[in-house]
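Student: I've got a structure open and I'd like to learn how to read it. Could you walk me through it, one feature at a time?

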Amino acid sequence: MKNLVIGSLAVALAVGIVGCKEEKGHAHGGGALKTPRLLFDLTGKYTNPDGMCIHDGYVYVNMNNLASGKPSVICRFGKDEKLEEVVTLPLHPETESVCALGIVFAQDGNLYVNDNQNFNGKGLGLSRILRVVMKDGKAERVEVVAKGLNEANGITTFGDTLYIADTNFGTKDPFTSGVCALKLSELSAENPVVIQGGKIDLDPHYIGSFTTTGKWSVGANGIAADADGNVIVCNFGDAVLWKMTFNADRTVKDFKPWVDCSKAGVESLDGLQCDSEGTFWSADFIGNAIVSIAACGGVDIIAKNPPSDGKGGLLHAPSECIRRGNKVYVSNISLTFGPHTASTTPTMSVIDL
């Protein structure tokens with residue numbers, strides 16, 4: 001795969017927002033902001049819910065469990081919104097921890113999970129990609145299929161390829177991060193792919209990068225593919241969405257800023273999902289808000305409340321959201337960072353559209 005390295009936020013600001021309406025930061029459809037309500041009180045069970053995906057009628061969610069010091073657990077819930085466990089993820093043999101973030105189902109029917117070891121303070125270059133082998137809706141086993149990433153964060157898929165947001169290339173000035181691509185055919189439990197973490201000039205698995213110049217030194221985070229196969233990436237610290245387009249052979253054609261969400265009052269962009277209508281959904285972790293981005297580039301702040309403890313379903317440090325039907329489900333990762341103080345009441349919220 002051909003490496004593609006593109007400029008900085010200066011380019012993003014020059015491009016600005018490409019959209020069908022002005023970036024006013026208003027609520028969805030121009031009405032009042034929605035009020036989140038409680039979906040799950042996870043107290044005594046799990047902490048730090050994060051990555052989500054939808055498969056076979058279920059919403060799958062990763063319970064990171066950083067605050068509890070327990071291994072990450074994948075859970076799911078159907079339309080009845082009853083939470084059930086799918087699998088507990090295996091510990092890293094060197095660090096004796098697992099710190100899962102993004103999750104996605106690929107075309108082989110298996111669930112792929114990013115284990116971000118640096119998120120748990122274990123260091124760069126230790127992150128793994130885990131494959132949860134599924135059969136008849138149950139987890140048969142968990143395999144390590146790639147290792148060596150710096151900060152494996154968001155993950156998405158299109159066709160036969162996984163696209164992973166590696167949040168930190170190990171640089172400070174400028175702060176760089178980017179996207180790693182892996183073919184399903186090269187993933188093997190017997191011979192895991194070894195990634196040269198952050199070394200875009202040396203490892204052809206890295207297919208794009210950008211710099212983050214905003215207040216928060218957090219780079220590539222949420223990532224999602226649309227129906228046309230374009231890959232959209234959150235630049236967390238700059239609140240800018242970047243779009244990666246491809247040639248017919250799926251080599252990268254272009255990677256450039258697409259929507260500057262900061263113009264709509266968005267302070268950060270965390271996880272990213274694309275719904276069946278082509279609308280993107282992201283969590284503004286710093287701004288404590290949920291945001292939708294139309295395919296034409298229009299930005300709506302759907303829900304927002306001041307930093308809270310999450311009681312009653314209020315947002316508290318949201319990191320991921322996903323739409324199913326007329327509901328948006330929210331993972332409140334609840335970390336002490338930016339304006340937030342971690343809560344002792346871990347929750348997930350739901351927003352009725």
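Student: Let's start with Leu187: which residues does Leu187 touch, not counting residues up to four places away in sequence?

Tutor: Contact here means heavy atoms within 4.5 Å. By that rule Leu187 touches Tyr112, Arg131, Val145, Leu162, Leu182 and Val193, leaving out residues up to four places away in sequence. Before we go on, this is a predicted model: local features need pLDDT of at least 70, side-chain atom pairs count only at pLDDT 80 or more, and totals for chains, interfaces and linings use all residues. Residues are numbered from 1 along each chain as its sequence is written, and side-chain values use heavy atoms, with hydrogens and water left out.

Student: Which residues touch the most other members of the largest nonpolar core?

Tutor: The general idea is that in soluble globular proteins, nonpolar side chains tend to be buried together. A nonpolar core is a set of buried Ala, Val, Leu, Ile, Met, Phe, Trp, Tyr and Cys residues joined through side-chain atoms within 4.5 Å. Buried means under 20% relative accessible area, exposed means over 50%, and partly exposed is in between (1.4 Å probe, protein chains only). Here the largest core has 20 residues, and Tyr112, Ile129, Leu162, Ile164, Leu182 and Leu187 touch the most other members. Strands S9 (138–149), S10 (152–158), S11 (161–166) and S12 (175–183) each supply at least two residues of this core, and S9 gives the most, with three residues. By the way, helices (H or I, at least four residues) and strands (E, at least two) are DSSP runs, numbered from the N terminus.

Student: Which residues does the second, separate core include?

Tutor: That one has 18 residues, including Cys234, Val259, Cys261 and Ile293. Now look at Leu241, in strand S17 (residues 240–246). Leu241 counts as buried, at 0% relative accessibility. Not counting residues up to four places away in sequence, its contacts include Cys234, Val259, Cys261 and Ile293. The C-alpha atoms of Leu241 and Cys261 are 7.3 Å apart, though the two residues are 20 residues apart along the chain.

Student: How about His205: is it buried or exposed?

Tutor: His205 is buried, with a relative accessible area of 16%. You'll find His205 in the loop between strand S13 (193–194) and strand S14 (206–212). Its side chain makes polar contacts with the side chains of Glu186 (2.9 Å) and Asp203 (2.7 Å). A polar contact is a pair of N or O atoms within 3.5 Å; within protein, one must be able to donate a hydrogen and the other to accept it, and residues adjacent in sequence count only if both atoms are side-chain atoms.

Student: How many salt bridges does a search of the whole structure find?

Tutor: Side chains of opposite charge can pair when their charged atoms come close. The cut-off for a salt bridge is a side-chain nitrogen of Lys or Arg within 4 Å of a carboxyl oxygen of Asp or Glu. The search finds 13 of them. Take Arg323 and Asp275, whose side chains meet at 3.1 Å, N to O. Arg323 lies in strand S23 (residues 318–324) and Asp275 in the loop between strands S19 (272–274) and S20 (280–284), so the pair ties together parts that are 48 residues apart in sequence. Asp275 is buried at 12% relative accessibility, while Arg323 is partly exposed at 23%. Glu277 also forms a salt bridge with Arg323, with the closest N and O atoms 3.3 Å apart. Glu277 is exposed, with a relative accessible area of 58%.

Student: And sheets: what is the strand order in the open sheet of four strands?

Tutor: Strands of a sheet pair through backbone hydrogen bonds, either parallel or antiparallel. Two strands count as paired if DSSP finds at least two bridges between them. In this open sheet the order is S2-S3-S4-S5, with antiparallel pairing. Strands S2 (49–55) and S5 (84–88) stand at the edges with a single partner strand each, so one side of each is left without a neighbour in the sheet. S2 and S3 (residues 58–63) pair over five bridges; in S3, Met63 is the bridge partner of Pro49.
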